[in-house]
Structures are given as C-alpha cells and as structure tokens.
Amino acid sequence: MKKYILWMCTTLFLLSMGGCSKDFLDKDPLDRLTGDQYWKSKADFDMALTAIYGQLQNSIFSYGSPNWDVLTDNGYGQHNYNGSQGIVRGEIFPSTGGYIVDIYNACYSGIARANIFLSKLSAYEGAELDAAARSRYEGEVRFMRGFYYYMLYACYGAVPVVTEPLTLENQVQPKAAEADVLAQTLADLDVAIANLGSTLYTSGDGHIVKTSAQALKLRVLLYAAYDENGTPDPALLSEASTLAKEIMAAGYTLTPSFESTFRDGTQEGNPEIIFSIKFLAPNNATPMDQWYGDWAVVSPLPNLFNAFEPGDIRRDLTIFDKVVNFDGVVHRPSNNVPTGYGLKKFLTPGLIPYGYSTQSQQDWVMLRYAEVLLSFAEAENELSGPTQEVLEALNAIRLRAKLDPLAAGLTKEAMRAAIRKERRLELAFEGLRYFDLKRWRIAEEVLNNVKDGILTYRFEERFYHWPLPQTEIDKSQGVLEQNPDY
C-alpha cells in the first residue's frame, strides 16, 4: 500500500485588539488547541512530524524541482515560474522576488517547524515516548532542518542560523558566517545519521532512514568541497568518498528500467530510491503531469537533446519531441512547446490525456542510488584518478542506459569530463544541474555560452550567492546585512 505524508497546516495568530481587557487576552481560544494543550501524547508528536514532512511538498522542493533546470543550459521556462527568466537574464536584485524570496521563506518556515518540534520533544516528560522513539523523532527532524540549511547555504551563503523557537524578543537574527551555516547543516545530518535505523528506505514506511541522511550529507559535502576557483578540498572529498562507499554497501541497486524510479506504480519498493516526497490522489495530488505534459512548463534545450549519445535510452525517456508518446498513446500539449522539446521523464502514461482534472500521485524522488554512484566516482577521481572503482561506478549507469562501457585508460581530466556529462544526462531535471554548475565554479563559462536558449543568458561572479530578500533586510532594522555586491 502506498505510503504518503498528508499536509497539516499549523498557524500562529498574533492579535492586537484595542479596548480589550488583559483577562480577555489571557483566555485560550475555543476553536483550536493551544500549545499548552498540544504536545501531550505520542499522537500529537506524530501529527506534528507529519506537518514537518508536509513542508517538503512545497513545489520548490518537490514536483516543481525540474524548474531549477531552466536556470541552466538544460531548459527554458516559458511561464516564468519563480521568476526564472529574470535570473537567467542576470536580473538578480534584493527585490527580485521569485526564487530569491521563495527559497528563503520556505526554508525558514521549515526550520521554524523543526525548532518548535525539537523544543517540545526536549521538554516532553510523558511516558509515551521511550528513548528509541525520541531518538528517531530527533533524527528525522534534524534531517529536515539540515536540508533547509543546505538550501540556504547553497543559495545565499551566509544567513542567520536559528536552532530554537523565536519569540518577539529574539525574532531578529544577524547572519552567521557561511562556514557556520555549513557546520550547522552537517551537524544536523550527523545527528540524523547517528539516530536513525539502518534499514533501507524501502522498509522504512516512507520515513527517513540512516542512508537517507547519509545520501543528503554526501550531496552537501560535494557542494562544499570546491573553493572559489573550483579547486576541490581533498579532506572533504575523502569524507565524501568514504560516505558513498557506506551507502553503496547498504544494499541499494540501480533498477533495471531507468523510468521505473519516476513512475507511479513502480516506486514503492524500488531499490534505487533512498528518499522520496510522498503524494497520493485524490486528496494529496499534484499537477505534475499537467505542468510538464500539457502546459510544457519546462522545455529542454536542443543542446541537451543532442548531448545524448546514439542509443542512449535516457534521451527519449527524459525528453519528448513535440508530442508526448508512450508506445503509440499520444498526448498533444495544449500549450506551445517553444524549443520543440518537452519534459517526459516524470510523466505517467496512464493519465493521458493530461489536463486540469489530472491528479498526479507519483512521488518526487529527492535522493537515489544513481546520484550516489556519480558522487562516488567524482570524489574518487578527484582524489586518485580514474581507478577501477571509478570506472565500475560510472559504467553501471552507462550500461543501464544501453551504452557501451567506458574503457580503462582515460586520464583524470577525461574521466572528470565523462563523469560530469553522465551526471548532467542521468540527473537531468531533478533540480541538481544549477547547483552543480555553481559548485564546480563553471556557471559563468557554461551559461554565458548557451547559444540555443530562448533567452540571453548572463551569469556574473556575484551570482554564486544570491542577495537576501530586501523584505528581510527591511524588517531587521539594520541587524541583517545584505550579501556583498548587492
């Protein structure tokens, strides 16, 4: 039976009511539970944990992740979701809006939920939670908080680090150094790794497990490993390589069919998925098939289509040419397909024809084994060159794509190019390309040379860190400092 996390919204109302007595303000509301009435039982903590998982269903973190690739040489976003077109054109300012504001707000909203949960867990004195339950709760919530701090670190660099619930007295926080944001991210993930069970994700009933936290930490380590010149830190790469080997020994495998990881009906029990964000129709559905199959929200660029080698099955499983076609079952998008190509990778064949009534319930796969193999190959090649282990990891992915294996004898530089190409093709539209270009410090080189984009690309050195939203700067009354060059 498909597991899923159901949205639960919690809202804090701050009321200012002139002419009311203090006794009136001190009364508890009659239509909702207060903080003193909640957090009394295991069921309360389970509901709150559900709400924390639900925060990940924000489209920015889940089914809208393909839109990140329209900021890159992979695609074009004709509908300008999250202000993507301005970012592509280099129109990045503190007041830009879109992603610049959305990521900041969504991450701190998630962090706030996590901090409240952890505070209440620490204060809980009831008998319903034993040490094992407390440890598991903390591990899952620290994973979530670590994810949000990673996104803030990758997008903005230096931001406030908040690890306790905020009040009116401490709600304005100064920035922490970029290194401190990274340290908090890794500390949260280390607690998650230490606290969570060693079962594979397929046996975790949709909950985060140890290997989920390890896989996220691996992603963070690789992002942090490269300096401003694109030179990797051997110590971070060594830690990443060791961590990848632990995950590789845990029992995950590549699924024989590339597309099964992304299709509803073949995701439950999938041995490649290390963590996914759950959905279930009709009450917890998404517009994924409508967005990508009918509206053509994301349009792959011709240079990506042409980057696939002849015979690579991933090309036609990732990209459709003008019309969606699943073995003769055809859907013609109602919107224009401006590049001539559309995104097929995450579509559900059985839901054709796609439209407003389409209820998509395929899970969003955040972490999967193919990324672990690519990350291991990258870290190990930078450390030791194209060893046999590197070759085997990369060839496992190529063989599934029906490509010939790479032969031994490549130079370190040639292997680096091969790994980066495989990473682009294998993980296309999974929301990672923009961050790869940034961490390798090649965003300027790649993006400013896109020749087939609908827009004119412009990436500047300062864009490696986005500005903090001007609204946050204004609210802080001078406490929160803007990033340099903005």
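Tutor: We may, bearing in mind that this is a predicted model. We begin with a helix pair in contact: on the α5 side are S135, R136, E138, G139, R142, F143, R145, G146, Y149, Y150 and Y153. On the α6 side they meet E178, V181, L182, Q184, T185, A187, D188, L189, V191, A192 and N195.

Student: How do the residues of the contact of α5 with α6 divide into nonpolar, polar and charged?

Tutor: Each residue in the contact of α5 with α6 is placed in one of these classes, and Gly is counted among the polar ones. The division for this contact is 10 nonpolar, six polar and six charged.

Student: Are α5 and α6 roughly parallel or roughly antiparallel to each other?

Tutor: The angle at which α5 and α6 pack is about 155°, and their axes are 7 Å apart. An angle over 145 degrees counts as roughly antiparallel. The two helices, α5 and α6, are therefore roughly antiparallel.

Student: Is A187 buried, partly exposed or exposed?

Tutor: A187 belongs to helix α6, which covers residues 178-195. Buried means under 20% relative accessible area and exposed means over 50%. Because A187 has a relative accessible area of 32%, it is partly exposed.

Student: How far apart do the axes of α4 and α5 come?

Tutor: The axes of α4 and α5 cross at roughly 155°, and these helices are therefore roughly antiparallel. Their crossing is left-handed, and the contact has 21 nonpolar, two polar and four charged residues. The axes come within 9 Å.

Student: At what angle do α2 and α4 pack?

Tutor: Helix α2 spans residues 42-55 and helix α4 spans residues 99-123, with axes 10 Å apart. The crossing of α2 and α4 is left-handed. They pack at an angle of about 160°, which makes α2 roughly antiparallel to α4.

Student: Which residues of α2 and α4 make the contact?

Tutor: From α2 come F45, A48, L49, A51, I52 and Q55. The residues of this contact divide into nine nonpolar, three polar and two charged. From α4 come A106, S109, G110, R113, A114, F117, K120 and L121.

Student: How many residues has the largest nonpolar core?

Tutor: The residues with the most contacts inside this core are W68, I103, F117, F143, F275 and W466. Helix α5, residues 131-156, supplies the largest share, 15 residues. The core has 151 residues.

Student: Which residues is F117 in contact with, leaving aside its neighbours within four places in sequence?

Tutor: F117 is one of the residues with the most contacts inside the largest nonpolar core, and F117 also takes part in the contact of α2 with α4. Its partners are W39, F45, A48, L49, I52, Y137 and V141.

Student: Is W39 buried or exposed?

Tutor: W39 lies in the loop between α1 and α2, and W39 has a positive phi of about 60° although it is not a glycine. Because its relative accessibility is 14%, W39 counts as buried.

Student: Is K322 buried or exposed?

Tutor: K322, a residue other than glycine, also has a positive phi, near 75°. K322 is placed in the loop between β4 and β5. Because its relative accessibility is 54%, K322 counts as exposed.

Student: Which residues does F305 touch, not counting residues up to four places away in sequence?

Tutor: F305 lies in helix α10, residues 302-307, and F305 is buried, with a relative accessible area of 11%. The residues that F305 touches are R315, D316, I319 and Y341.

Student: Is the peptide bond from A281 to P282 cis or trans?

Tutor: P282 lies in the loop between β2 and α9. The bond from A281 to P282 has omega near 5° and is cis.

Student: Where is the place of P353?

Tutor: The peptide bond from I352 to P353 is cis, with omega near 5°. P353 has its place in the loop between β7 and β8.

Terms used: Residues are numbered from 1 along each chain as its sequence is written. This is a predicted model: local features need pLDDT of at least 70, side-chain atom pairs count only at pLDDT 80 or more; totals for chains, interfaces and linings use all residues. Side-chain values use heavy atoms; hydrogens and water are left out. Axes are lines fitted to C-alpha atoms, for helices over the stretch in contact, and angles run from 0 to 180 degrees between N-to-C directions. Helices (H or I, at least four residues) and strands (E, at least two) are DSSP runs, numbered from the N terminus. Angles under 35 degrees count as roughly parallel, over 145 as roughly antiparallel, 65 to 115 as roughly perpendicular and the rest as oblique. A crossing is left-handed if the near helix is turned anticlockwise from the far one by less than a right angle, and right-handed if clockwise. Contact means heavy atoms within 4.5 Å. A nonpolar core is a set of buried Ala, Val, Leu, Ile, Met, Phe, Trp, Tyr and Cys residues joined through side-chain atoms within 4.5 Å. Buried means under 20% relative accessible area, exposed over 50%, partly exposed in between (1.4 Å probe, protein chains only).
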